[in-house]
Amino acid sequence: MLCSAAGEKSVFLWSMRSYTLIRKLEGHQSSVVSCDFSPDSALLVTASYDTNVIMWDPYTGERLRSLHHTQLEPPMDDSDVHISSLRSVCFSPEGLYLATVADDRLLRIWALELKTPIAFAPMTNGLCCTFFPHGGVIATGTRDGHVQFWTAPRVLSSLKHLCRKALRSFLTTYQVLALPIPKKMKEFLTYRTL
């Protein structure tokens, strides 16, 4: 699958086999500006100017969770209503963390199972972010052309998560749901326990 965001309130999922539209995901209240698949392709996250990150199941189109980007400090005046508009979202290489960049001058790191950020870093004019492929570092780009590097959490993935990641890299949500395994295992494998 390929995901495209064109500055609208929705994103499009495309088949890379047939080059056709699979589905349109709707749920944001403003323009979607960034999207990223988890390393196992079982999740898709989208970030929007509406200050929300939505986590989707790309196979079913189901909205699994929303993360709301709240400001740490109130704005000085009412002139800038989009002060915490999101600019970028990305998954960590092991798929346990998300990083977001917003107009409120903060880089946030989120643990996948929590609804609040676990770390913050101050940055100005943030535009995009990406994790180093082997983890431990996040690079951010700014609108004035600078790149900054940040230390990111390094974790040893649990055996449970590694098994889920291995299975989901080749099984769709529908294939997992068809397995003759207990419901709790299906929920874990399809990220419904977040």
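The dialogue below takes up rings, surface and strands.

Q: What should I know before I start?
A: This is a predicted model: local features need pLDDT of at least 70, side-chain atom pairs count only at pLDDT 80 or more, and totals for chains, interfaces and linings use all residues. Residues are numbered from 1 along each chain as its sequence is written, and side-chain values use heavy atoms, without hydrogens and water.

Q: How many aromatic pairs does a search of the whole structure find?
A: Rings of Phe, Tyr and Trp (its six-membered ring) pair if their centres lie within 6.5 Å; planes under 30 degrees apart are stacked, over 60 edge-to-face, the rest tilted. The search finds one pair. The ring centres of F12 and W14 are 6.3 Å apart and the planes lie at 40°, so this pair is tilted.

Q: Which ring does the charged end of R164 sit over?
A: A charge sits over a ring if NZ of Lys or CZ of Arg is within 6 Å of the ring centre and within 35 degrees of the ring normal. For R164 the ring is that of F188, 4.0 Å from its centre.

Q: Is Y19 buried or exposed?
A: Buried means under 20% relative accessible area, exposed over 50%, partly exposed in between (1.4 Å probe, protein chains only). Y19 has 62% relative accessibility, so Y19 counts as exposed. W14 has 31%, so W14 counts as partly exposed.

Q: What does I138 stand opposite in strand 14?
A: Strands are DSSP runs of E, at least two residues, numbered from the N terminus. Two strands pair if DSSP finds at least two bridges between them. Strand 13 (residues 137–142) and strand 14 (residues 147–151) run antiparallel, joined by five bridges. I138 stands opposite W150.

Key
Helix = DSSP H or I, 4+ residues; strand = E, 2+ residues; numbered from the N terminus.
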